[in-house]
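Have a look at the chain below. This report walks through some of its charged pairs, its turns and its backbone.

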Amino acid sequence: MLKQSLQQKLGLKINPLQIQLIKLLELPTYQLEQRIKEELEQNPLLEEVEEKGETDVNEETATDSGEEFDDDYQEGESEEENDLRGDDDFSLEDYMTDDDDTPDYRLNSSNASKDEETRDFVFSQASSFRENLIAQLGTRPLSDLERRITEYIIGNIDEDGYLRRDIENIVDDLAFGAGIEVSEEEVLRLLKIIQEFEPAGVGARDLKECLLLQIQHKLNENPEHKLLQDAKAILEECFEEFSRKHYEKISRKLRLSDTELKQAIDEILKLNPKPGGTVADFSYGQQAEKIIPDFMLDLVDGELQLSLNSGDIPELKINKAYLNILEQYQKDQSPKNKKDVVSFVKYKLNSARSFIDAVQQRDNTLMLTMTAIVQFQKQFFLTGDETMLKPMILKDIADITGLDVSTISRVSNSKYVQTWFGIYALKDFFTGSMQTTSGEEVSTGELKNMLKKLVDDEDKKKPLTDDELVILMEKAGYQIARRTVTKYRQMLDIPVARLRREI
């Protein structure tokens, strides 16, 4: 039997605008640009502003903007509910505001002239690493069968220039995959031909073979070169000792003086351990991803000036053509398609308005957070001296801005600031702290810098061990454990003492 009853519940809900804002906060500048373009494709009521006027840089942030946007969204939500009951309450004036043509979130001005000619730049794409090897293959007198086998071997060479597959496996693949019966000796013979190609060292199966191929390539041009002969002997007879930097064993075994050993090792160190990279790095598709700073911090007349880098982010406004269509449908007395059209346009209008507001609130939040970071680390940004970085955690900035710690974390993630002395990731400014022997609080960044300085100033013939680094750090006033020194050394990509040793 059905019964009716009253029940009270306490719950927490996030409205769609806040969800959208959270997602936008995590995006760096270049991803925000792509996100806006996707929204332009999905929402026909959003469009770009074609003519860009000059506007001043807006560095003020509104701490109570989130409440205003929440109210706007709730009003839009109630209007949608009223629309389900009838269309008489709908007013186009809610969307025909003066700021549609010039969005509030514009933070930069364009100095480009309207008459300036735009030019398209054509980028030429370099040949890939494997294409370069196949092109060299055309200079060798090989049969069609030999060419097919050689091309298959080239296809198994990785981007570093190494053949990391066993010859036996290649023979099996050719037999079962391509129907080609070939012996291991024949595959090795063709591999030797590939190892004669440029760049020297390509087609090697390990590091030792790669370095020997490059040394042999130099010896072919200068067979009587004593240093090259010594370098080849070191690689052939003492490669394990060389990799472990046991120089005394090499010197005794090959009967080389310290000078001869040092010159031969210097010759080896000039070789390229990844020969494939010399070609792959010039390929258009292999370029490294560029960092686009989200903030610009300049020092002008001793004062720090912060601005948000909007990049090529398009300006948005409401497409008034759809508003005119909506107005015509409202005047139309035929109720056949009126409700569907009005409902669709109203939904897209609310979505467009919410997206523009979310972008504006994102920019305000970013500026508010970065302004707090600049004020907290003002001495560092004024001098550029990393020793001036103060210990700072997410909660410190959250207390200053009044924002949640999770919001500060989203803002600092994948964001960069371009200062007058370099580009830094925002997360680099958040460091832990420890006390010195004098009771002063120092950041972990200062400890890393001190550790790096000690390693840079050490005697390379007798590099400092981690235990010795602990003693020197304590003498400098930093109480630090050995495991912490090891952790910071690894974070700085500093090898152990044995591998830092030089002759």
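## Charged pairs

Lysine 453 and aspartate 457 form a salt bridge, with their closest N and O atoms 3.1 Å apart. Lysine 453 has a relative accessible area of 47%, so it counts as partly exposed. Aspartate 457 has 55%, so it counts as exposed. The cut-off for exposed is over 50%. Keep in mind that this is a predicted model. Salt bridges can also share partners: Glu146, Glu186 and Arg189 are joined into one network this way.

Side chains of opposite charge can pair when their charged atoms come close. The structure holds 25 salt bridges. One of them links arginine 165 and aspartate 173, at 2.4 Å from N to O. How exposed is arginine 165? Arginine 165 is partly exposed, because its relative accessibility is 29%. Aspartate 173 is partly exposed too, at 26%.

## A link across the sequence

Arginine 140 forms a salt bridge with glutamate 196. The closest N and O atoms of this pair are 3.0 Å apart. Arginine 140 sits in the loop between α4 (129-137) and α5 (144-155). Glutamate 196 sits in the loop between α7 and α8 (207-221). The pair therefore ties together parts that are 56 residues apart in sequence. Arginine 140 itself is partly exposed, with a relative accessibility of 27%.

The loop between α7 and α8 also holds proline 199. Which form does the peptide bond from glutamate 198 to proline 199 take, cis or trans? The bond is cis, and its omega is near 0°. Most peptide bonds are trans.

## A negative patch

Asp166, Glu168, Asp172, Glu184 and Glu185 gather in a patch of negative charge on the surface. Which helices supply at least two residues each to the negative patch? They are α6 (167-177) and α7 (184-194).

Take glutamate 185 as an example. Glutamate 185 is placed in helix α7. Its relative accessibility is 58%, so glutamate 185 counts as exposed.

Now turn to the strands. Strand β2 covers residues 295-300, and strand β3 covers residues 303-308. The two run antiparallel, and six bridges join them. Within this pairing, methionine 296 has serine 307 in β3 as its bridge partner.

Together, β2 and β3 form a hairpin. How many residues lie between β2 and β3? There are two. Aspartate 301 is in this turn. Aspartate 301 counts as exposed, because its relative accessibility is 77%.

## Positive phi angles

Most residues other than glycine have a negative phi.

Aspartate 493 is another case, with a positive phi of about 60° although it is not a glycine. Where is aspartate 493 found? Aspartate 493 lies in the segment after α21 (482-491). With a relative accessible area of 67%, aspartate 493 is exposed.

Technical notes: Residues are numbered from 1 along each chain as its sequence is written. This is a predicted model: local features need pLDDT of at least 70, side-chain atom pairs count only at pLDDT 80 or more; totals for chains, interfaces and linings use all residues. Side-chain values use heavy atoms; hydrogens and water are left out. Patches are made of residues with over 30% relative accessible area and no salt bridge: like charges are joined within 9 Å, nonpolar side chains (Val, Leu, Ile, Met, Phe, Trp, Tyr) within 5 Å. Accessible areas come from the Shrake-Rupley method with a 1.4 Å probe; for residues, only the protein chains shown count as cover. A salt bridge is a side-chain nitrogen of Lys or Arg within 4 Å of a carboxyl oxygen of Asp or Glu. Lys and Arg count as positive and Asp and Glu as negative; His and the chain ends are not counted. The place of a charge is taken as NZ of Lys, CZ of Arg, CG of Asp or CD of Glu. Helices (H or I, at least four residues) and strands (E, at least two) are DSSP runs, numbered from the N terminus. Buried means under 20% relative accessible area, exposed over 50%, partly exposed in between (1.4 Å probe, protein chains only). Two strands pair if DSSP finds at least two bridges between them.
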